[in-house]
Amino acid sequence: MRDNHPPPPTSDDDHRSSSLPDLARGGQITDSSSSKTRPGPGSSSSSLPQPGSGSELQAQFPDQVLENVLENVLHFLSSRRDRNAASLVCRSWCRAEALTRSELFIGNCYAVSPRRATARFSRVRSVTVKGKPRFADFDLMPDDWGAHFAPWATALAQAYPWLEKIHLKRMSVTDEDLAVVADSFSGFRELVLVCCEGFGTRGLAAVTSKCRLLRVLEVVESLVEPVSEDEVDWVSCFPETQTHLESLVFDCVEYPVNFEALEGLVARSPGLKKLRLNRFVSMPQLYRLMLRAPQLTHLGTGSFSDSEALEQEPDYASAFAACRSLVCLSGFREIWANYLPAILPVCANLTSLNLSYADVNADQLRSVICHCRKLQILWALDSIGDEGLQAVATTCHDLRELRVFPVDAREESEGPVSEVGFEAISKGCRKLESILFFCQRMTNAAVVAMSKNCPDLLVFRLCIIGRYRPDAVTQEPMDEGFGAIVMNCRKLTRLAVSGLLTDRAFEYIGRYGKLVRTLSVAFNGDTDLALKYVLEGCPNMQKLEIRDCPFGDAALRSGLHHYYNMRFLWMSNCKLTRQACQDVARALPHLVVEVINKEDEAAVDDIELLYMYRSLDGPRDDAPQVVTILH
Amino acid sequence: MATLLGKVQNDLNLKETELCLGLPGGGGGGGGSDQVETPRSNGKRGFSETVDLKLNLQSKEDLNDDVKNVSKEKTLLKDPAKPPAKAQVVGWPPVRSYRKNMMVQKVNNEDQGTEKTTSSTAGGAFVKVSMDGAPYLRKVDLTMYKSYKELSDALAKMFSSFTMGNYGAQGMIDFMNESKLMDLLNSSEYVPTYEDKDGDWMLVGDVPWEMFVGSCKRLRIMKGSEAIGLAPRAMEKCKNRS
């Protein structure tokens, strides 16, 4: 929910397509510029020898060739997939590419060391680093597991003093790390922290006070909690003069901000387009801010409620009407539904609406959604019910992404959304590309319908909250539904399954899910065959996260040919033994195989968690005690 | 008799004869060969020798059977409505706790008038719970419980070898009885501690329940002997309060 136009609803996986036979066989990453092997793990680093020093480089290169390459080809390459391909042509192309790459993407912070990454790419302006795997969000990993930003901060500070942008996801970031960032990069412009933790307002203040050219500061779904006396008024730390701010996102910060300072800041930030407030900003305060910034395109409304009943309430609708460029609305953290009609003036232009913190019912939703003809992204709570979904289906024919979250996530409860609303969506929103849907009941028929009505689906994530729940009408497993999805949605790259599934569902996935890169499995499947189907059948699989499934050692071994192609494999509470994991570690020396034992001391050979990933730099040295790295 | 060092043999004896704590499937464990396919298996830990008091969790065996039945028969399940286990499954459904927190807050805000309102400005009711020696952190939603006893029961389910010490009538540690407190802290029993709003680590139970929910930032279950360092500060703070 960060962009003006809907981002392509794919994950940020590397677009790798074929396997690496040499790696699987020999266990060695070949070091040859003429071979067809792809560079190794992680982002785009390879094991090719590092380029020599500057003067050596020039001596080896005919200037003309280098100039041509740089100007004519590499100049136009922005996608990292293209750049990776270019870097494989030959050593000189590899070096030239390394010199011209300005955006560095590290998909797994442990796949490559900061030193290696910065040594290869010398002119980087923007860095993205991702840390923990997604299942860490659900308390399935120890709190101190790792993904520390600190070593990266140090390396980046040394290598790229001109660095402008840092994007982090699921990293452990401390206030000290943020201070390093603030101190090290005089031209720093953009900090985006997604699902990070470990820092507080003190770190934010370091950035706001020292990064005078800051354009973007976004703290998204990150844990920023009050730490008593250590609270700092970070908003007041922005420079007193006009700022360069274009985007300020702090909706997840769980601490009140200094409103006067915020209002002053907005007033002196003429370039501000994106503003997402936290729940401590009330409706009247929002009103004042909107008056100051009618140029906003993205607005997170804060609490959207008022703790006191004012004598004369401002005309909230007029504030919205004044924001003629508004295309993306979110927030509504503590919504008073009476205020919802205030957004009506902007509905016609809205492309993105996030009501996923707003407990609104079908009628309340309908009153606004019926005007949102251009809507492409909708996030909502299941409080809208099947009726609400029907209302969406009736109007939002351009919808690309839908997420429906549960108000009550318990397994025993009756859910307000079901296969009825789901199928309605499929009929009304034919251009759907991405769906995340939590429900208590579903049928194969509805899922099959969606597979046929929405062939453009790229991301299909269905979460039937009750584990092992079959088709609500036929009592059959949900195999046919998910099978139809992989069969009919030819572009599918991300899939999350749920409900009662037998091995058959996975047979379908293996047979038809040829483009699937991310697969999430939980409480499904019967035997090792299921996992085998997937590992043998899905050549593009990159991120495989499995929990509580009866998959064991034989299944694990069936993926040996493929693990070097993947970003990671996660298997928790399955049927793996330590020995099998050990065997994998020995067979694939460039894989880091991390295991955590089951708590029961009697079951020493049983593994609670297997998390393994390719790495150029071997086992990390910052693993907590509970993690064992096998070799 | 169990010793402080806990020999393995004693472990097994204890397991077989006593009603155990822990989530279904893990209780007892026997020789470990009978592992049931449970959502989360929690075996008996090696520290079981420290457990003298057992909280009497009713129908533990029933829950075990429920889970066994569902796992084996899940493909024949006619009635889909029967949930496998009443215990909480870690991390399921996959809704991030941040989002869950928001929902809880919402409920609290709507209940402004009632007694059970907890401090909703503290940023959510989910607090992390760590236990020394356990590989995982858990999170508990303090607003789900109305008393220390309920919290104690919930923690007991999560950490199989944990019990809360002698809590007296209102569930508050009798700070005035120094010797009782010292007994508790000298034992190798586990004692829950918490970090309060000021960043101080206190013994759980020193304030009324509502106040505790409002000021608790995180929980840590440690051995009594380690918690002894907290006692003087905790007692002083308590005295200052009263």
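Two strands pair if DSSP finds at least two bridges between them; helices (H or I, at least four residues) and strands (E, at least two) are DSSP runs, numbered from the N terminus. The structure is a predicted model, in which local features need pLDDT of at least 70 and side-chain atom pairs count only at pLDDT 80 or more, while totals for chains, interfaces and linings use all residues. Residues are numbered from 1 along each chain as its sequence is written, chains are lettered from A and ligands numbered from 1 in the order in which they are written, and side-chain values use heavy atoms, with hydrogens and water left out.

In chain A, strand β9 (residues 328-330) and β10(A) pair in the parallel sense over 2 bridges. Within this pairing, Cys328(A) has Ser352(A) in β10(A) as its bridge partner. β10(A) also pairs with strand β11 (residues 377-381) of chain A, again in the parallel sense, over 4 bridges; here Leu355(A) stands opposite Ala380(A) in β11(A). Together with helix α14 (residues 362-369) of chain A, β10(A) and β11(A) make a right-handed β-α-β unit. Right-handed means that, with the strands pointing away from the viewer, the path from the first strand over the helix to the second runs clockwise.

In a regular strand the side chains alternate between the two faces of the sheet. From β10 (residues 352-355) of chain A, Ser352(A) and Asn354(A) point one way, Leu353(A) and Leu355(A) the other way, and all are buried. Buried means under 20% relative accessible area, exposed over 50%, and partly exposed in between (1.4 Å probe, protein chains only).

Helix α4 (residues 80-87) of chain A has Arg83(A), Asn84(A), Ala86(A) and Ser87(A) buried. Seen down the axis of α4(A), these buried residues fall within an arc of 160 degrees, so they line one face of the helix; the arc is that of the directions from the helix axis to the C-beta atoms. They pack against α5 (91-100) and α6 (114-120) of chain A, contact meaning heavy atoms within 4.5 Å.

Over all chains, the structure holds 41 salt bridges, each a side-chain nitrogen of Lys or Arg within 4 Å of a carboxyl oxygen of Asp or Glu. One of them joins Asp137(A) and Arg170(A) at 2.8 Å, N to O. Asp137(A) lies in the loop between β2 (126-130) and α7 (150-159) of chain A and Arg170(A) in the loop between β3 (165-169) and α8 (175-184), so the pair ties together parts that are 33 residues apart in sequence. Asp137(A) is buried at 13% relative accessibility, and Arg170(A) is buried at 12%.

Another salt bridge joins Lys274(A) and Glu218(A) at 3.3 Å, N to O. This pair links strand β7 (residues 274-277) of chain A, which holds Lys274(A), to strand β5 (residues 216-220), which holds Glu218(A), 56 residues apart. Both Lys274(A) and Glu218(A) are buried.

Cys94(A) is buried, with a relative accessible area of 8%, and Cys581(A) is buried at 0%.
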